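Please look over the sequence and the structure shown here before reading on. The report that follows takes up one chain as a whole and then a single residue of another chain.

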Amino acid sequence: MRHPGTILTFFGCLMPIPVLAANVTIVPSESTIGQGGSATFTVTVVPDTYVQRVSVFYEGESAPDQAFTRPFEFTHQFNSAMQDLTVTAVVSYSSGAPDDFASVDIDVIGLTLTGPSSPLRGWPSGFTARSNPTGLPISQFNWSFEAEGVVNTFTDFNVDGDDKSIWSGKMVVDGLLKCSAVVGGVAADVAMLVNIAPRGWPISITCAPDNEDWGDEWAPKLSPEAPLGVNRDRDSNYISSIFVPRNGNNFRPAWTMASITCGPNTGWYYVSSCTLKVRRETCINKYIKTQEFADANVNCIYPGAAEFVQAVYNHELRGTPDTYMSYEGHQGRIELAIREFGHDPKQVVEGLYSRNPLHLEFLVDEAISAAETQVFFFAADEAYMRAYAPNWGLSEDSLGWGSHARWLVGWFGGYWSDCVYGPPAF
Amino acid sequence: MRKTWIATYLIFLSLTSGSLGQVGDPSESVATLATSSEPKAVLNASLKLADILYRGDAQTVVQTRALLSQQLVSSSSPLVILRVSSVLCRKATPEIVAAVVQRLEQERSEENQTALWEGLVRLIDRVQLWPDTQSRLLKLARAVVNNRSLSIRMVSAATMVTAQLGGEGFDALLEARNKNPNVADVFYTAIAESSDVRAVGLLREAAADTRKTEGMRIQAVRGLGQVLAARQEKGQTLENRELELTAGLLAKLVAEAPSDQFFSAALRSWNRVAGRTQLIAMRAAVLEALDSGRPIREEAGLDVVYDNESLQDPEVINKVVARASAARSGAARAGAAAILEHRLSRE
């Protein structure tokens, strides 16, 4: 039988029937197979004298299975669904006789699962399971989604009797989505790893430089340690409060929580929105801007009083010259810690979730506090600025280098000292 | 094929430590907190410990607290002191605070003292202190807030702690603000968080006092919103008359704000204090802020819309949508986006 396809067409496509060739037959162990399942094909050659090789080709695949000795049995896994998938055996002979052929059709049936594998967190997503090939009615779909050891399930009894089922809802947690159903009498299942895409929430960092009058005229005179400048939270003035809005140590005003009420992530709580930000200001002691201070220090400060004020300004802000994420200024160091060193708490809380709302609150507060500790400590550290920064270093070309006078309290009021004092605290 | 899936899934699970990590042995996380300089490792350790403190069995919680307390009283690193305080703060105990106070009495390093004060700001927030601890802490705090030669950072932290030490702490701050100018830096913020009812009158007075610097007034204005929130958090209410006076003042300050920053602070606080009767006036102020074209006002307007769902009518939301793409400041755009995201999460 040199043209087996003719007979196959004659018998139709739905019933795979072994082709009774004159000398070659191929018989499958199953006529309907679940996608991903296997079937064994037995090829019989009568007579089998001079059989050199039996090759079996599968429609849609390029590599055949081959055997050189009896029995000619081939077990094959079918990963792609197809109705009337043709399997063809080709027998080659060592005698030089022409090849013989035999074919059989089988059905490979399964499910397809479509939907976003990387949905944006908190946005509605729909996942569709459908018979493969399409059009095969399914009476029940069994869905599951497993994340962090929690399994959500959904049974769709599919009352309209069509070939598909949809499970949809907002997605917030990575996990494994699965669906199983009986399709054409065969159990089929399909799965998809879902990795949630973050929403991209970079925190906003602002700073109002030299924002307001600050300090008291008498303070530098009476207190040698009076600070010259400060970088602090803009409204509360508290240096350590890096992230706002907040109620004291509680960051609840900065974010909202939502729970998922339908779909694969039902029952999970997540951070649905967040207004966390950094809102700083720098202030310079107003006294060092006065003419009196300039006059008193005219011979003290290198290169001059105006540069001394500039040095304080740069120290509180972004170093010299003004450089985004500079190591040499407090604001620059805040930017550096957040943008470069991974301490952006808004990015972290974006991806937090829990089954328990109180637990989520705890985690969010913890994440923000942890970041705040890191950012604050790094931003407040002046060791680098003193050692390396041009705005306040120890070398002669540093701004503010040298020494300056202090108002010393004497018996009859006060007086300016010699130029013997180095820069006090900022 | 099934095996492939299982293997993939196991790899996937191992890669996603996620927010619900297994509650287990805290030693490793405490060690990471005490030694690591790797931000992600520190954050993960911190979240893991939070998880344990929240979800662990009694024995594990006790063990974790003990390990953290040990770090708190023995570490010579200011960063570790701050990190540990941050982790412990929501589950601190009177014993832990007592141990920190004892260390503070003996600590000589100014850096460590500062870190301990800053840690205490967090640690004592939700703890009922033992009377002996409270009196020793008050004594230490008085010494710091009255000392003008100490760093502004330490004085600020001690001021915040003192405000939380009840009526005596409040009195100590009133006394110290006349002696040490560095206390003034956070005085109004501190008393606002004290939840002492006397703070309201002082804050109103300062907010209205045009002789004070704008920075002081802004701090007081912000404090008026804060004091109410703090009292609500502790289950305390304010008399209606006090509320009306405060809301009335804040409405006036919004209208007469001398600067954008002042307007911004006043609008936010007003939103926290105002009742429904002021909703129309509040809405008008918010619309004005959103239309102002001035980033700080826009940002404040958006923050208020975010907080106050009663203001989220179609006209306001249309303006929010426009701000989400057209606002000049990144903070305003983020604020607008947050409102829209919040609305989406409710739909």
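What percentage of the 347 residues of chain B count as buried?

## Chain B as a whole

The model is a predicted one, and in it 56% of the 347 residues of chain B count as buried. The secondary structure of chain B comes to 20 helices, with zero strands, and its C-alpha atoms fill a box of roughly 70 × 55 × 35 Å when the box is taken along the principal axes.

If one takes the contacts in chain B between residues at least 6 apart in sequence, 66% of them join residues that are at least 24 apart.

## A:Glu73 in chain A

In chain A, the residue A:Glu73 has its place in strand S6, which is made up of residues 72-77.

When its neighbours within four places in sequence are left aside, A:Glu73 is in contact with A:Thr40, A:Phe41 and A:Thr42. A:Val27 is 46 residues away from A:Glu73 in sequence, while the distance between the two in space, from C-alpha to C-alpha, is 9.6 Å.

Methods: Residues numbered from 1 in each chain as written. Chains lettered and ligands numbered in written order. Predicted model: local features only at pLDDT ≥ 70, side-chain atom pairs only at ≥ 80, totals over all residues. Heavy atoms only, no water. Helix = DSSP H or I, 4+ residues; strand = E, 2+ residues; numbered from the N terminus. Contact = heavy atoms within 4.5 Å. Buried < 20%, exposed > 50% of the residue type's maximum accessible area, 1.4 Å probe, protein only.
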